[in-house]
Amino acid sequence: MPSPRKDVIGKYLANYAEPESSFGLRLHRHTTNVLVIPAQNESPSFIKGIKTALRSANSNGQRTLCIVVINSTDTHLPDVRIGNKALLDAFAIQTSAVPLHIENETPCWFVDTDDCDLLVIDRDSVGCRLPNHEGVGLARKIGCDLALAAIQSGSCHARLIHMSDCDVELPSDYFDVTIPDSCAAVIYRFFHKPCGREILDEAHFRYEAYLRYYVLGLRYAGSPYGFHTIGSCIAVTPEAYACVRGVPKRQAGEDFYLLNKLSKVGLVHTSTSSPIAINARSSLRVPFGTGQATSKITRNVNSYRIYNPRIFDLLKAWLTALSHLDGMSPSHAYDAIWRRIEGTVTPRDQDRLEACLLEIDAPKALREAMTQSSSPAVRHKWIRDWFDAFRTLKLIHTLRDHGIPDVLWCHALNEAPFCHLTSIDPDSSPSTDTSASEICRRLMRLEEQTQLLSAQND
């Protein structure tokens, strides 16, 4: 009888995996690690950013399977095709490349390099391009599905499927990560590495400060979703990946939605290994995310606004009240929870919060939670999964739209009780103690402290 692990992976590969997963069954050399990278209009030099990790693994007797999915859609401009062809020529169309595909399959080449076993998948050529509405999410899924098949076949012995991007520098201890029990995913620490273009570097630092502010705000509020969701910093366990049916096939935000699903089947663990360096650069590959955000910031750096810290106070009031979900009846659950909120926030904010909770159907959700089981643990799990990272973000946006508008980034960081920063000068120079780069470093240290405290409490 197959083990539960084999069964969930086998069912996924049989019913939900992309056709390219079959290439994972055609690999015969054993590997220890696997890394998946989507690539679009990238220079072949991006490989330099991952060599340190690959060579460190080699020195420890570990071989890495590196899967690069070169991709585009029919809507992309000719310069994307030119860049993709150059990448294909550099990595796949060479005398050492061995085709794994047969007629009518997606082109896939195996390249034996000094640093890794390289698989190059061509989703750029005519007839192979991605559907216009799926994009990078599908590219990641193709690579991860192939990795999962290699793990299932036994040629790859990886405990995690690592995924990253072409703009990173991976540390030497990248693959030496601890995987706690019940772990579904590992999130790597990160920082943005300046490129030397002052306005672009400033935009990246301010956006990074926002990302850290948001995670700290969630942790302050008591949210179980207080972790980063950056596609270049994720690794997933094979079983959990199969359980949530792989990477969402989205044009953008696939990292957020993947981790949102994974957090419901296991622990999302933040690694204590060295951080990943993300190179600051201008990119508009996807409709939202880091590239779009930093591009917008560069147009007017000093007007950059982020969520009002008061929103996290209201989120905290809601989550604190929810933690008392006990033996109340389904018909009175919402009213009982609301009574715990009253008095903890101002009357005006009470009105705003209640309007927003009604808008996201919180009363209905609480009624359903109370009918799931008589077990408090089951009820809490159900409501935690309902009020997930997506609905948390939806509530935050609804509160913003109901009269708590975004504020200048420096004002938010100065006023937020969870940031412990004061007197931030928005016009400070890069060398001052209140520069955006220094603020990011302080927030990163604060993140690490809150993570350690959470681990001790657990």
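Visitor: How are helices α10 and α12 oriented to each other?

Guide: Two packed helices are described by the angle between their axes and the distance between the axes. In this predicted model, α10 (residues 333-341) and α12 (residues 362-372) pack at about 115 degrees, with axes 8 Å apart. They are therefore roughly perpendicular to each other (65 to 115 degrees; under 35 is roughly parallel, over 145 roughly antiparallel, the rest oblique). A333, Y334 and I337 of α10 make the contact with A362, P363, L366 and M370 of α12 (heavy atoms within 4.5 Å). By class, this contact has seven nonpolar, no polar and no charged residues.

Visitor: At what angle do α11 and α14 pack?

Guide: The angle between α11 (residues 347-359) and α14 (residues 389-401) is about 130 degrees, and their axes lie 9 Å apart. That makes α11 oblique to α14. In this contact, R352, L353, C356, L357 and E359 of α11 meet L395, T398 and L399 of α14. By class, there are five nonpolar, one polar and two charged residues.

Visitor: How many aromatic pairs does a search of the whole structure find?

Guide: A pair of aromatic rings is described by the distance of the centres and the angle of the planes. The search finds 20 pairs (Phe, Tyr or Trp rings, the six-membered one for Trp, with centres within 6.5 Å). One of them, Y174 with F175, is edge-to-face, at 4.8 Å centre to centre and 70 degrees between the planes (over 60 degrees; under 30 is stacked, the rest tilted).

Visitor: Are Y174 and F175 buried or exposed?

Guide: Both Y174 and F175 are buried (under 20% relative accessible area, with a 1.4 Å probe and protein chains only).

Visitor: Which conventions apply?

Guide: Residues are numbered from 1 along each chain as its sequence is written. Local features need pLDDT of at least 70, side-chain atom pairs count only at pLDDT 80 or more, and totals for chains, interfaces and linings use all residues, while side-chain values use heavy atoms, leaving out hydrogens and water.

Key:
Axes fitted to C-alpha atoms, helices over the stretch in contact; angles between N-to-C directions. Helix = DSSP H or I, 4+ residues; strand = E, 2+ residues; numbered from the N terminus. Nonpolar A, V, L, I, M, F, W, Y, C, P; charged D, E, K, R; others polar. Buried < 20%, exposed > 50% of the residue type's maximum accessible area, 1.4 Å probe, protein only.
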